[in-house]
Amino acid sequence: MLIRPAPTIRPSEITDEQLYLRRREFMRIAGAAALAAAASPLLSAACEASPADAAQTPLPDVKPKVVTTDEKLNSFEDITSYNNFYEFGTGKNDPQRYAGRMKTTPWTVKVDGLCAKPADYAVEDLIRPHQLEERIYRLRCVEAWSMVIPWVGIPLASVIDRAQPQGKAAFVEFTTLQRPSEMPGQREPILDWPYVEGLRLDEARHPLTILAVGLYGRTLMNQNGAPIRLVVPWKYGFKSIKSIVRIRFVERQPRTAWSMSNPSEYGFYSNVNPEVDHPRWSQAREKRLPSLFATTRTQMFNGYGDQVASLYAGMDLRKNY
Ligand code: MTE
């Protein structure tokens with residue numbers, strides 16, 4: 001039988017899944033948190049707590065989930081222990097081990113570039129005017145593993161509309177925090193730091209694209225990109241940039257961390273496409289964690305084609321990989 005002995009189960013793991021599954025209790029706690037936070041900023045509890053405590057903060061007033069897959073959810077343990085966040089090292093377990101060092105409060109997100117209302121926002125002010133929603137999405141990494149994750153976030157379009165991009169803004173560029181003193185991977189030339197990513201403006205405005213601030217009903221763990229990250233479910237995971245400090249509207253296609261590091265392997269679009277293999281491995285199948293075997297068939301646009309394929313009408317998706 002596969003029953004783990006009690007000492008190997010971390011208390012946070014137990015709390016999180018119980019909270020999530022016992023929805024009514026979660027709503028009660030969330031309601032109490034909402035009352036407590038009534039006159040104060042959203043995530044205010046997170047702002048006063050240490051980074052470790054912040055990871056355990058329930059998010060108040062989350063709109064019921066938008067489910068885009070009926071597949072089994074990955075456990076909190078899977079989602080927070082097998083990560084890519086190269087700022088903390090290239091090992092899958094490095095982010096869980098080292099990301100606790102990153103200070104996430106206070107946190108400012110600069111929204112600027114070609115827009116009528118540029119501003120520097122405290123992250124809670126960026127989020128507060130918008131309704132938090134739960135979105136259950138597949139995340140498909142370019143390395144051919146995948147998970148199903150219950151994110152909490154807001155549509156990126158809400159933030160874009162508030163900034164009022166100018167007519168010539170055609171792309172959005174995103175930048176991750178650069179702080180080598182707290183991010184040991186940034187002391188190595190793994191990528192050209194800071195990590196940058198980009199979307200075409202219509203991709204950024206698409207209703208599936210969210211800025212996530214939590215998962216399993218609670219604020220993000222640092223290893224998942226606290227306090228705020230992008231989630232673009234039809235693209236390979238590396239487009240979903242973590243720990244964002246800047247959102248900039250630009251006229252030309254921005255440079256992106258992975259395409260700068262290896263342009264022949266990683267393109268700007270990076271839509272999930274089982275028919276275009278990575279030069280070093282097949283993209284036809286994926287390993288659905290915690291499975292060790294790539295037995296799950298990869299779907300075009302990660303299964304979101306009915307909603308996003310029209311964005312790419314007329315484009316050669318073999319060239320625009
Ligand atoms: N964002 C930053 N800043 N640094 C990274 O190394 N890795 C990307 C993406 N966002 C990465 C990042 C990759 S390759 C993947 S697959 C996803 O984050 C993984 O997200 P997860 O660890 O929350 O599952």
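## Basis of the model

Residues are numbered from 1 along each chain as its sequence is written, and side-chain values use heavy atoms, with hydrogens and water left out. In this predicted model, local features need pLDDT of at least 70 and side-chain atom pairs count only at pLDDT 80 or more, whereas totals for chains, interfaces and linings use all residues.

The ligand is surrounded by 16 residues, and the closest are Asn83, Tyr86, Glu87, Arg229 and Lys242; a residue is near a molecule if one of its heavy atoms lies within 4 Å of it. By class, this shell holds seven nonpolar, six polar and three charged residues. In this scheme Ala, Val, Leu, Ile, Met, Phe, Trp, Tyr, Cys and Pro count as nonpolar, Asp, Glu, Lys and Arg as charged, and the others, Gly among them, as polar.

For the side chain of Asn224, the distance from an N or O atom to a ligand oxygen is 3.0 Å. The ligand taken alone exposes 540 Å², of which the protein buries 99%; accessible areas come from the Shrake-Rupley method with a 1.4 Å probe.

## The largest pocket

The ligand takes up the space of the largest pocket, on the criterion that more than half of its atoms lie within 2 Å of the grid points. A pocket is an open set of points on a 1 Å grid over the protein atoms alone, with protein on both sides within 12 Å along at least five of seven lines; a cavity is a set where a 1.4 Å probe fits but cannot get out, and lining residues have an atom within 4 Å of a point.

The largest pocket contains about 410 Å³ of space. Its lining comprises 26 residues, and Asn84, Phe85, Gly237, Phe238 and Lys242 are the closest to its centre. The lining divides into 16 nonpolar, six polar and four charged residues. Strand β5 (residues 145-155) supplies the largest share, four residues; strands are DSSP runs of E with at least two residues, and helices are runs of H or I with at least four, numbered from the N terminus.

## Cavities

Across the whole structure, two cavities of 30 Å³ or more are found, a volume being the space filled by probe spheres set on grid points joined across faces, edges and corners. The second largest cavity has a volume of about 40 Å³, and its lining includes Arg138, Trp151, Lys235 and Gly237.

## Backbone geometry

Most residues other than glycine have a negative phi, and most peptide bonds are trans. The bond from Thr105 to Pro106 is cis, with omega near -5 degrees; Pro106 is in the loop between α6 (94-98) and β2 (108-113). The bond from Trp193 to Pro194 is likewise cis, with omega near -5 degrees, and Pro194 is in the loop between β6 (171-176) and β7 (196-200).

Asp61, a residue other than glycine, has a positive phi near 55 degrees. Asp61 is in the loop between α4 (51-54) and β1 (62-67).

Terms used
Polar contact = N/O pair within 3.5 Å; in protein donor to acceptor, adjacent residues only side chain to side chain.
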